[in-house]
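Visitor: I would like to learn how to read a model like this one. Could you walk me through it?

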Amino acid sequence: MAQSELAQNIWLQTLDYIQANEKISQTSFDNWFSKTKAVSLNQDEIIIETLDSFVSDWLKNKFSEIIQEALIHVLGAPIHMRFVAKENEIKKTQSIISSDIPESTKEKKTMKTIVPLEKQQPRQEPTHTNHFLQPTLLSDNDFESNLNYHYTFENFVVGGGNRLAYNIALAVSEDPGSRYNPLFIYGGSGLGKTHLMQAIGNQIHSENPNKRILYVTCEDFVNDFISNLSKNNMTKFRNKYRDIDILLVDDIQFLAKKEAMQEEFFHTFNHLYQNGKQLVLTCDTQPSEISKLTDRLRTRFEWGIMVDITVPDLETRMAILQRKLTADNMIEDVPNNVIEYIAAQFDSNIRELEGGLSRVVAYSTMFGKNDITLELAIEALKGFSKSQQTIISIYKVQKVVSSYFNIQVDDLKSKKRKQPLVKYRHIAVYLSKLLTDSSLQKIGKEFGGRDHTTIMHSIQTIESDLKTEQETQRMIEEIKELL
(Lines give C-alpha, C1' and ligand atoms only; values in the text may rest on other atoms or scores of the structure.)
Protein backbone atom coordinates (compact mmCIF):
# COMPACT_ATOMS: atom_id res chain seq x y z
CA MET A 1 0.00 0.00 0.00
CA ALA A 2 1.37 3.42 -0.97
CA GLN A 3 2.22 5.84 1.84
CA SER A 4 -0.56 8.26 0.85
CA GLU A 5 -3.13 5.44 0.82
CA LEU A 6 -1.97 4.24 4.23
CA ALA A 7 -2.16 7.78 5.60
CA GLN A 8 -5.67 8.23 4.28
CA ASN A 9 -6.77 4.87 5.61
CA ILE A 10 -5.53 5.82 9.09
CA TRP A 11 -7.20 9.22 8.82
CA LEU A 12 -10.57 7.72 7.83
CA GLN A 13 -10.47 5.54 10.92
CA THR A 14 -9.58 8.63 12.93
CA LEU A 15 -12.54 10.51 11.48
CA ASP A 16 -14.87 7.65 12.37
CA TYR A 17 -13.70 7.90 15.98
CA ILE A 18 -14.08 11.71 15.99
CA GLN A 19 -17.57 11.54 14.50
CA ALA A 20 -18.65 9.19 17.27
CA ASN A 21 -17.37 11.64 19.90
CA GLU A 22 -20.28 13.20 21.76
CA LYS A 23 -18.29 16.43 22.12
CA ILE A 24 -18.56 17.06 18.37
CA SER A 25 -21.93 17.95 16.84
CA GLN A 26 -22.77 16.68 13.36
CA THR A 27 -22.81 20.26 12.10
CA SER A 28 -19.28 20.83 13.40
CA PHE A 29 -18.04 17.57 11.95
CA ASP A 30 -19.52 18.30 8.53
CA ASN A 31 -18.11 21.80 8.46
CA TRP A 32 -14.60 21.24 9.78
CA PHE A 33 -13.67 17.58 9.15
CA SER A 34 -15.59 16.27 6.14
CA LYS A 35 -13.36 17.86 3.49
CA THR A 36 -10.03 16.88 5.07
CA LYS A 37 -7.65 14.12 4.05
CA ALA A 38 -4.26 12.77 5.11
CA VAL A 39 -1.51 13.18 2.51
CA SER A 40 1.50 11.86 4.39
CA LEU A 41 2.32 9.63 7.37
CA ASN A 42 5.54 8.49 8.96
CA GLN A 43 6.47 7.35 12.45
CA ASP A 44 6.84 10.96 13.65
CA GLU A 45 4.16 12.96 11.84
CA ILE A 46 0.85 12.89 10.00
CA ILE A 47 0.07 15.69 7.54
CA ILE A 48 -3.60 16.62 7.15
CA GLU A 49 -4.72 18.60 4.13
CA THR A 50 -7.69 20.98 4.31
CA LEU A 51 -9.35 23.11 1.67
CA ASP A 52 -8.11 26.39 3.14
CA SER A 53 -6.10 28.10 5.83
CA PHE A 54 -9.12 29.08 7.92
CA VAL A 55 -10.12 25.44 8.43
CA SER A 56 -6.51 24.43 9.12
CA ASP A 57 -6.20 27.15 11.73
CA TRP A 58 -9.50 26.24 13.41
CA LEU A 59 -8.74 22.49 13.55
CA LYS A 60 -5.35 23.17 15.09
CA ASN A 61 -6.62 25.64 17.68
CA LYS A 62 -10.02 24.20 18.54
CA PHE A 63 -9.91 20.45 17.97
CA SER A 64 -6.25 19.41 18.38
CA GLU A 65 -6.87 17.52 21.65
CA ILE A 66 -9.83 15.59 20.22
CA ILE A 67 -7.88 14.75 17.05
CA GLN A 68 -4.85 13.61 19.03
CA GLU A 69 -7.04 11.43 21.22
CA ALA A 70 -8.53 9.82 18.11
CA LEU A 71 -5.10 9.26 16.54
CA ILE A 72 -3.83 7.60 19.72
CA HIS A 73 -6.89 5.35 19.65
CA VAL A 74 -6.14 4.32 16.04
CA LEU A 75 -2.31 4.23 16.14
CA GLY A 76 -1.77 3.25 19.76
CA ALA A 77 0.67 6.11 20.35
CA PRO A 78 0.75 9.93 20.07
CA ILE A 79 1.97 11.48 16.84
CA HIS A 80 2.73 15.02 15.70
CA MET A 81 0.00 16.59 13.54
CA ARG A 82 0.54 19.17 10.82
CA PHE A 83 -2.26 20.89 8.93
CA VAL A 84 -1.69 22.26 5.43
CA ALA A 85 -4.12 24.23 3.27
CA LYS A 86 -4.71 23.24 -0.32
CA GLU A 87 -5.14 26.85 -1.33
CA ASN A 88 -4.00 26.46 -4.91
CA GLU A 89 -7.38 24.91 -5.76
CA ILE A 90 -9.41 27.75 -4.30
CA LYS A 91 -10.29 30.42 -6.83
CA LYS A 92 -11.55 33.18 -4.59
CA THR A 93 -9.65 34.78 -1.72
CA GLN A 94 -11.28 36.98 0.86
CA SER A 95 -9.44 39.27 3.27
CA ILE A 96 -10.73 40.07 6.71
CA ILE A 97 -9.28 42.32 9.37
CA SER A 98 -8.79 41.00 12.87
CA SER A 99 -7.38 43.08 15.71
CA ASP A 100 -5.90 42.05 19.03
CA ILE A 101 -8.33 42.09 21.94
CA PRO A 102 -6.59 44.41 24.43
CA GLU A 103 -7.22 48.06 23.61
CA SER A 104 -3.84 48.98 25.03
CA THR A 105 -1.97 47.19 22.28
CA LYS A 106 -3.88 48.97 19.50
CA GLU A 107 -2.51 46.35 17.11
CA LYS A 108 -4.49 45.17 14.11
CA LYS A 109 -3.79 42.02 12.17
CA THR A 110 -4.87 41.23 8.65
CA MET A 111 -5.77 37.63 8.02
CA LYS A 112 -6.35 36.35 4.52
CA THR A 113 -8.80 33.54 4.64
CA ILE A 114 -10.39 31.25 2.10
CA VAL A 115 -13.43 29.26 3.09
CA PRO A 116 -14.79 26.17 1.36
CA LEU A 117 -18.13 25.92 -0.41
CA GLU A 118 -20.35 23.79 1.76
CA LYS A 119 -22.78 21.51 -0.05
CA GLN A 120 -25.89 21.89 2.01
CA GLN A 121 -29.61 21.97 1.39
CA PRO A 122 -30.83 24.49 3.94
CA ARG A 123 -32.71 27.67 3.35
CA GLN A 124 -32.01 31.31 3.84
CA GLU A 125 -34.06 33.39 6.20
CA PRO A 126 -37.82 33.00 5.77
CA THR A 127 -39.83 35.68 3.98
CA HIS A 128 -41.47 36.71 7.27
CA THR A 129 -38.72 37.94 9.55
CA ASN A 130 -40.51 39.61 12.43
CA HIS A 131 -39.09 37.69 15.36
CA PHE A 132 -41.90 38.85 17.64
CA LEU A 133 -44.28 36.66 15.63
CA GLN A 134 -42.16 33.60 16.21
CA PRO A 135 -41.79 31.36 19.28
CA THR A 136 -39.22 32.57 21.80
CA LEU A 137 -36.58 30.22 23.15
CA LEU A 138 -36.24 30.12 26.90
CA SER A 139 -33.27 29.01 28.92
CA ASP A 140 -33.72 26.86 31.99
CA ASN A 141 -34.13 29.97 34.10
CA ASP A 142 -36.88 31.26 31.79
CA PHE A 143 -34.68 34.08 30.51
CA GLU A 144 -36.28 35.42 27.33
CA SER A 145 -33.75 35.32 24.50
CA ASN A 146 -36.02 36.57 21.66
CA LEU A 147 -34.44 33.93 19.42
CA ASN A 148 -36.37 32.60 16.44
CA TYR A 149 -35.89 28.84 16.44
CA HIS A 150 -36.18 28.70 12.62
CA TYR A 151 -32.81 30.44 12.26
CA THR A 152 -30.25 27.63 12.44
CA PHE A 153 -27.02 26.71 10.70
CA GLU A 154 -28.70 23.62 9.28
CA ASN A 155 -31.23 25.61 7.26
CA PHE A 156 -28.87 28.33 6.07
CA VAL A 157 -27.91 28.08 2.39
CA VAL A 158 -24.16 28.53 2.06
CA GLY A 159 -22.71 30.04 -1.11
CA GLY A 160 -19.88 32.22 -2.31
CA GLY A 161 -21.31 35.44 -0.88
CA ASN A 162 -21.77 34.22 2.69
CA ARG A 163 -19.38 31.27 3.08
CA LEU A 164 -16.80 33.14 5.13
CA ALA A 165 -19.43 34.65 7.41
CA TYR A 166 -21.04 31.23 7.89
CA ASN A 167 -17.79 29.53 8.92
CA ILE A 168 -16.80 32.29 11.32
CA ALA A 169 -20.30 32.38 12.84
CA LEU A 170 -20.12 28.63 13.41
CA ALA A 171 -16.70 29.05 14.99
CA VAL A 172 -18.12 31.69 17.35
CA SER A 173 -20.98 29.38 18.35
CA GLU A 174 -18.47 26.67 19.27
CA ASP A 175 -16.20 28.92 21.31
CA PRO A 176 -18.10 32.08 22.35
CA GLY A 177 -16.33 34.93 24.06
CA SER A 178 -12.85 34.01 22.96
CA ARG A 179 -11.16 34.42 19.62
CA TYR A 180 -13.72 36.27 17.50
CA ASN A 181 -15.15 38.85 19.85
CA PRO A 182 -16.91 40.95 18.84
CA LEU A 183 -18.14 39.45 15.59
CA PHE A 184 -19.29 42.21 13.24
CA ILE A 185 -21.35 41.02 10.25
CA TYR A 186 -22.18 43.60 7.61
CA GLY A 187 -23.95 43.65 4.25
CA GLY A 188 -27.08 44.75 2.43
CA SER A 189 -30.65 44.20 3.57
CA GLY A 190 -32.19 40.77 3.16
CA LEU A 191 -28.96 38.79 2.68
CA GLY A 192 -29.15 36.62 5.81
CA LYS A 193 -27.36 38.60 8.52
CA THR A 194 -30.20 38.13 11.01
CA HIS A 195 -30.45 34.43 10.22
CA LEU A 196 -26.73 33.89 10.77
CA MET A 197 -26.63 35.95 13.96
CA GLN A 198 -29.55 34.07 15.49
CA ALA A 199 -28.11 30.74 14.33
CA ILE A 200 -25.18 31.49 16.66
CA GLY A 201 -27.58 32.01 19.55
CA ASN A 202 -29.60 28.90 18.74
CA GLN A 203 -26.50 26.73 18.44
CA ILE A 204 -25.12 27.95 21.77
CA HIS A 205 -28.53 27.43 23.38
CA SER A 206 -28.74 23.85 22.11
CA GLU A 207 -25.29 23.07 23.54
CA ASN A 208 -25.80 24.92 26.81
CA PRO A 209 -29.41 25.89 27.67
CA ASN A 210 -28.28 27.70 30.80
CA LYS A 211 -26.44 30.36 28.81
CA ARG A 212 -28.23 33.71 28.98
CA ILE A 213 -28.59 34.78 25.36
CA LEU A 214 -30.28 38.02 24.30
CA TYR A 215 -31.18 38.99 20.75
CA VAL A 216 -32.41 42.56 20.13
CA THR A 217 -32.58 44.97 17.25
CA CYS A 218 -30.80 48.27 17.76
CA GLU A 219 -34.23 49.89 17.66
CA ASP A 220 -35.28 47.64 20.58
CA PHE A 221 -32.21 48.77 22.51
CA VAL A 222 -32.90 52.46 21.84
CA ASN A 223 -36.60 52.20 22.74
CA ASP A 224 -35.77 50.23 25.88
CA PHE A 225 -33.24 52.89 26.87
CA ILE A 226 -35.71 55.74 26.38
CA SER A 227 -38.49 53.91 28.24
CA ASN A 228 -36.35 53.09 31.27
CA LEU A 229 -34.77 56.53 31.31
CA SER A 230 -38.19 58.19 31.42
CA LYS A 231 -39.18 55.91 34.31
CA ASN A 232 -35.91 56.54 36.15
CA ASN A 233 -35.29 52.81 36.01
CA MET A 234 -31.82 52.57 34.45
CA THR A 235 -30.67 49.91 36.93
CA LYS A 236 -33.21 47.48 35.48
CA PHE A 237 -32.10 48.39 31.96
CA ARG A 238 -28.43 47.81 32.72
CA ASN A 239 -29.09 44.52 34.47
CA LYS A 240 -31.03 43.30 31.44
CA TYR A 241 -28.21 43.99 28.98
CA ARG A 242 -25.20 43.28 31.17
CA ASP A 243 -26.21 40.21 33.17
CA ILE A 244 -26.02 37.95 30.10
CA ASP A 245 -23.55 35.67 28.34
CA ILE A 246 -24.28 36.44 24.70
CA LEU A 247 -25.54 39.74 23.28
CA LEU A 248 -26.78 39.79 19.67
CA VAL A 249 -27.64 43.24 18.31
CA ASP A 250 -29.17 43.66 14.86
CA ASP A 251 -28.78 46.81 12.70
CA ILE A 252 -26.29 48.57 14.95
CA GLN A 253 -26.10 51.44 12.42
CA PHE A 254 -29.20 52.93 14.09
CA LEU A 255 -26.97 54.09 16.94
CA ALA A 256 -25.66 56.76 14.55
CA LYS A 257 -26.27 60.35 15.72
CA LYS A 258 -27.71 59.15 19.06
CA GLU A 259 -25.06 60.29 21.51
CA ALA A 260 -26.74 59.23 24.75
CA MET A 261 -27.47 55.75 23.38
CA GLN A 262 -23.91 55.42 22.11
CA GLU A 263 -22.63 56.30 25.56
CA GLU A 264 -24.83 53.63 27.17
CA PHE A 265 -23.94 51.01 24.57
CA PHE A 266 -20.24 51.82 25.04
CA HIS A 267 -20.43 50.93 28.73
CA THR A 268 -22.57 47.84 28.02
CA PHE A 269 -20.04 46.69 25.43
CA ASN A 270 -17.13 47.23 27.80
CA HIS A 271 -18.81 45.38 30.65
CA LEU A 272 -19.61 42.31 28.56
CA TYR A 273 -16.30 42.28 26.73
CA GLN A 274 -14.18 42.60 29.84
CA ASN A 275 -16.09 39.70 31.40
CA GLY A 276 -15.48 37.42 28.44
CA LYS A 277 -19.03 37.57 27.11
CA GLN A 278 -19.66 37.23 23.37
CA LEU A 279 -20.98 40.14 21.31
CA VAL A 280 -22.33 39.75 17.78
CA LEU A 281 -23.38 42.83 15.80
CA THR A 282 -24.90 43.24 12.36
CA CYS A 283 -24.89 46.35 10.24
CA ASP A 284 -25.62 47.47 6.69
CA THR A 285 -22.07 48.74 6.36
CA GLN A 286 -18.71 48.39 8.07
CA PRO A 287 -17.94 50.51 11.16
CA SER A 288 -15.83 53.06 9.30
CA GLU A 289 -18.86 54.01 7.19
CA ILE A 290 -21.36 54.54 10.03
CA SER A 291 -21.94 58.28 10.13
CA LYS A 292 -21.54 60.15 13.42
CA LEU A 293 -20.42 57.12 15.39
CA THR A 294 -17.94 57.89 18.16
CA ASP A 295 -14.38 56.78 17.51
CA ARG A 296 -14.24 54.72 20.69
CA LEU A 297 -17.27 52.67 19.59
CA ARG A 298 -15.99 52.36 16.04
CA THR A 299 -12.65 50.98 17.21
CA ARG A 300 -14.37 48.53 19.56
CA PHE A 301 -16.54 47.24 16.73
CA GLU A 302 -13.31 46.55 14.84
CA TRP A 303 -11.55 44.80 17.75
CA GLY A 304 -12.56 41.27 16.94
CA ILE A 305 -13.40 40.26 13.39
CA MET A 306 -15.42 41.91 10.62
CA VAL A 307 -16.96 39.87 7.82
CA ASP A 308 -19.34 40.83 5.05
CA ILE A 309 -22.22 39.03 3.36
CA THR A 310 -22.63 39.83 -0.32
CA VAL A 311 -25.37 39.03 -2.81
CA PRO A 312 -25.72 35.31 -3.58
CA ASP A 313 -24.81 33.98 -7.00
CA LEU A 314 -27.38 32.41 -9.32
CA GLU A 315 -26.66 28.84 -8.19
CA THR A 316 -27.10 29.79 -4.52
CA ARG A 317 -30.33 31.68 -5.24
CA MET A 318 -31.71 28.62 -7.02
CA ALA A 319 -30.78 26.47 -4.01
CA ILE A 320 -32.59 28.94 -1.72
CA LEU A 321 -35.75 28.66 -3.82
CA GLN A 322 -35.58 24.85 -3.90
CA ARG A 323 -35.20 24.82 -0.14
CA LYS A 324 -38.16 27.16 0.35
CA LEU A 325 -40.38 24.92 -1.78
CA THR A 326 -39.51 21.98 0.48
CA ALA A 327 -39.54 23.76 3.82
CA ASP A 328 -42.83 25.61 3.26
CA ASN A 329 -44.58 22.61 1.66
CA MET A 330 -45.22 24.51 -1.55
CA ILE A 331 -45.93 22.91 -4.92
CA GLU A 332 -43.24 20.30 -5.38
CA ASP A 333 -43.08 20.08 -9.16
CA VAL A 334 -41.64 23.43 -10.24
CA PRO A 335 -39.52 23.06 -13.38
CA ASN A 336 -35.86 23.99 -13.23
CA ASN A 337 -36.23 26.67 -15.90
CA VAL A 338 -38.88 28.41 -13.76
CA ILE A 339 -36.62 28.29 -10.69
CA GLU A 340 -33.75 29.70 -12.75
CA TYR A 341 -35.96 32.45 -14.20
CA ILE A 342 -37.13 33.57 -10.74
CA ALA A 343 -33.56 33.45 -9.40
CA ALA A 344 -32.37 35.60 -12.30
CA GLN A 345 -34.98 38.29 -11.62
CA PHE A 346 -34.12 38.92 -7.95
CA ASP A 347 -30.38 39.08 -7.42
CA SER A 348 -29.85 41.49 -4.55
CA ASN A 349 -32.30 40.60 -1.77
CA ILE A 350 -33.30 37.15 -0.53
CA ARG A 351 -36.60 38.31 0.91
CA GLU A 352 -37.57 39.65 -2.52
CA LEU A 353 -36.34 36.41 -4.09
CA GLU A 354 -38.53 34.27 -1.84
CA GLY A 355 -41.40 36.70 -2.32
CA GLY A 356 -41.08 36.23 -6.09
CA LEU A 357 -41.45 32.46 -5.70
CA SER A 358 -44.46 32.88 -3.41
CA ARG A 359 -46.07 35.19 -5.96
CA VAL A 360 -45.64 32.67 -8.77
CA VAL A 361 -47.07 29.83 -6.66
CA ALA A 362 -50.00 31.99 -5.48
CA TYR A 363 -50.67 33.11 -9.07
CA SER A 364 -50.90 29.51 -10.27
CA THR A 365 -53.31 28.63 -7.44
CA MET A 366 -55.47 31.71 -7.97
CA PHE A 367 -56.00 31.02 -11.64
CA GLY A 368 -56.31 27.26 -11.30
CA LYS A 369 -53.13 26.44 -13.18
CA ASN A 370 -52.02 22.94 -12.31
CA ASP A 371 -48.64 23.27 -14.02
CA ILE A 372 -46.23 26.09 -13.26
CA THR A 373 -44.63 26.97 -16.58
CA LEU A 374 -42.08 29.58 -17.58
CA GLU A 375 -44.83 31.55 -19.33
CA LEU A 376 -46.89 31.58 -16.13
CA ALA A 377 -43.89 32.77 -14.09
CA ILE A 378 -43.23 35.60 -16.55
CA GLU A 379 -46.87 36.65 -16.36
CA ALA A 380 -46.97 36.43 -12.55
CA LEU A 381 -43.86 38.57 -12.14
CA LYS A 382 -44.87 41.20 -14.68
CA GLY A 383 -43.93 44.56 -13.21
CA PHE A 384 -41.86 42.96 -10.44
CA SER A 385 -38.99 41.36 -12.31
CA LYS A 386 -35.62 43.00 -12.82
CA SER A 387 -36.03 43.18 -16.59
CA GLN A 388 -39.06 45.43 -16.15
CA GLN A 389 -37.50 47.82 -13.66
CA THR A 390 -35.07 50.67 -14.17
CA ILE A 391 -31.68 49.59 -12.88
CA ILE A 392 -29.31 52.40 -11.91
CA SER A 393 -25.66 51.44 -11.77
CA ILE A 394 -22.55 53.46 -10.93
CA TYR A 395 -21.57 53.33 -14.59
CA LYS A 396 -24.95 54.72 -15.63
CA VAL A 397 -24.54 57.59 -13.17
CA GLN A 398 -21.07 58.29 -14.58
CA LYS A 399 -22.39 58.24 -18.16
CA VAL A 400 -25.28 60.62 -17.44
CA VAL A 401 -23.16 63.02 -15.35
CA SER A 402 -20.38 63.13 -17.94
CA SER A 403 -22.92 63.76 -20.70
CA TYR A 404 -24.64 66.48 -18.64
CA PHE A 405 -21.38 68.36 -18.07
CA ASN A 406 -19.96 67.51 -21.52
CA ILE A 407 -16.90 65.66 -20.21
CA GLN A 408 -15.56 62.10 -20.51
CA VAL A 409 -16.27 59.30 -18.02
CA ASP A 410 -12.48 58.89 -17.72
CA ASP A 411 -12.31 62.46 -16.41
CA LEU A 412 -14.51 61.47 -13.47
CA LYS A 413 -12.18 58.57 -12.70
CA SER A 414 -8.96 60.54 -13.15
CA LYS A 415 -6.78 62.17 -10.52
CA LYS A 416 -7.25 65.66 -12.02
CA ARG A 417 -7.93 68.23 -9.30
CA LYS A 418 -8.97 71.28 -11.34
CA GLN A 419 -12.35 72.94 -10.92
CA PRO A 420 -15.04 72.51 -12.06
CA LEU A 421 -14.10 68.85 -12.70
CA VAL A 422 -13.74 68.19 -8.98
CA LYS A 423 -17.29 69.48 -8.45
CA TYR A 424 -18.62 67.24 -11.21
CA ARG A 425 -16.86 64.24 -9.66
CA HIS A 426 -18.34 65.05 -6.25
CA ILE A 427 -21.82 65.15 -7.82
CA ALA A 428 -21.30 61.80 -9.57
CA VAL A 429 -20.09 60.19 -6.34
CA TYR A 430 -23.00 61.66 -4.36
CA LEU A 431 -25.56 60.36 -6.87
CA SER A 432 -23.86 56.94 -6.94
CA LYS A 433 -24.35 56.65 -3.20
CA LEU A 434 -27.88 58.09 -3.31
CA LEU A 435 -29.26 56.05 -6.21
CA THR A 436 -27.43 52.71 -6.07
CA ASP A 437 -26.97 50.05 -3.39
CA SER A 438 -23.18 50.21 -3.70
CA SER A 439 -20.86 50.48 -0.70
CA LEU A 440 -18.34 53.29 -0.35
CA GLN A 441 -15.59 50.81 -1.26
CA LYS A 442 -17.39 49.82 -4.45
CA ILE A 443 -17.96 53.45 -5.42
CA GLY A 444 -14.33 54.29 -4.71
CA LYS A 445 -13.18 51.42 -6.90
CA GLU A 446 -15.35 52.64 -9.79
CA PHE A 447 -13.99 56.17 -9.43
CA GLY A 448 -10.35 55.40 -10.06
CA GLY A 449 -9.59 53.36 -6.96
CA ARG A 450 -10.25 56.08 -4.40
CA ASP A 451 -10.52 55.07 -0.74
CA HIS A 452 -13.74 55.30 1.25
CA THR A 453 -12.67 58.43 3.17
CA THR A 454 -12.27 60.32 -0.11
CA ILE A 455 -15.70 59.11 -1.22
CA MET A 456 -17.22 60.18 2.12
CA HIS A 457 -15.67 63.64 1.66
CA SER A 458 -17.28 63.99 -1.78
CA ILE A 459 -20.69 63.01 -0.42
CA GLN A 460 -20.43 65.35 2.55
CA THR A 461 -19.32 68.21 0.28
CA ILE A 462 -22.43 67.90 -1.91
CA GLU A 463 -24.70 67.45 1.11
CA SER A 464 -23.33 70.73 2.46
CA ASP A 465 -23.66 72.52 -0.90
CA LEU A 466 -27.27 71.39 -1.25
CA LYS A 467 -28.16 73.34 1.89
CA THR A 468 -26.92 76.67 0.54
CA GLU A 469 -26.44 76.54 -3.24
CA GLN A 470 -29.51 76.66 -5.47
CA GLU A 471 -27.36 75.96 -8.54
CA THR A 472 -26.19 72.66 -7.04
CA GLN A 473 -29.76 71.77 -6.14
CA ARG A 474 -30.87 72.45 -9.71
CA MET A 475 -28.08 70.35 -11.27
CA ILE A 476 -28.72 67.40 -8.95
CA GLU A 477 -32.46 67.43 -9.70
CA GLU A 478 -31.92 67.66 -13.46
CA ILE A 479 -29.43 64.77 -13.46
CA LYS A 480 -31.78 62.67 -11.33
CA GLU A 481 -34.51 63.27 -13.89
CA LEU A 482 -32.19 62.13 -16.67
CA LEU A 483 -31.35 59.01 -14.69
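**A polar pair, then a helix pair**

Guide: Let's begin with a side-chain pair: Ser438 and Thr436 are joined by a polar contact of 3.2 Å. A polar contact is a pair of N or O atoms within 3.5 Å; within protein, one must be able to donate a hydrogen and the other to accept it, and residues adjacent in sequence count only if both atoms are side-chain atoms. This is a predicted model, where local features need pLDDT of at least 70 and side-chain atom pairs count only at pLDDT 80 or more, while totals for chains, interfaces and linings use all residues. Residues are numbered from 1 along each chain as its sequence is written, and side-chain values use heavy atoms, leaving out hydrogens and water.

Visitor: Is Ser438 buried or exposed?

Guide: Buried means under 20% relative accessible area, exposed over 50%, partly exposed in between (1.4 Å probe, protein chains only). Ser438 has 15% relative accessibility, so it counts as buried.

Visitor: Where does Ser438 lie?

Guide: In the loop between α17 (421-435) and α18 (440-446); helices are DSSP runs of H or I, at least four residues, numbered from the N terminus. Beyond neighbours within four places in sequence, Ser438 is in contact (heavy atoms within 4.5 Å) with Ile394, Lys433 and Ile443.

Visitor: How do helices α5 and α6 pack?

Guide: Helix α5 (residues 163-174) meets helix α6 (residues 193-207) at about 30°, with axes 9 Å apart; axes are lines fitted to C-alpha atoms over the stretch in contact, and angles run from 0 to 180 degrees between N-to-C directions. Angles under 35 degrees count as roughly parallel, so α5 is roughly parallel to α6. Residues making the contact include Tyr166 of α5 and Ile200 of α6.

Note on methods
Helix = DSSP H or I, 4+ residues; strand = E, 2+ residues; numbered from the N terminus. Parallel < 35°, antiparallel > 145°, perpendicular 65-115°, else oblique.
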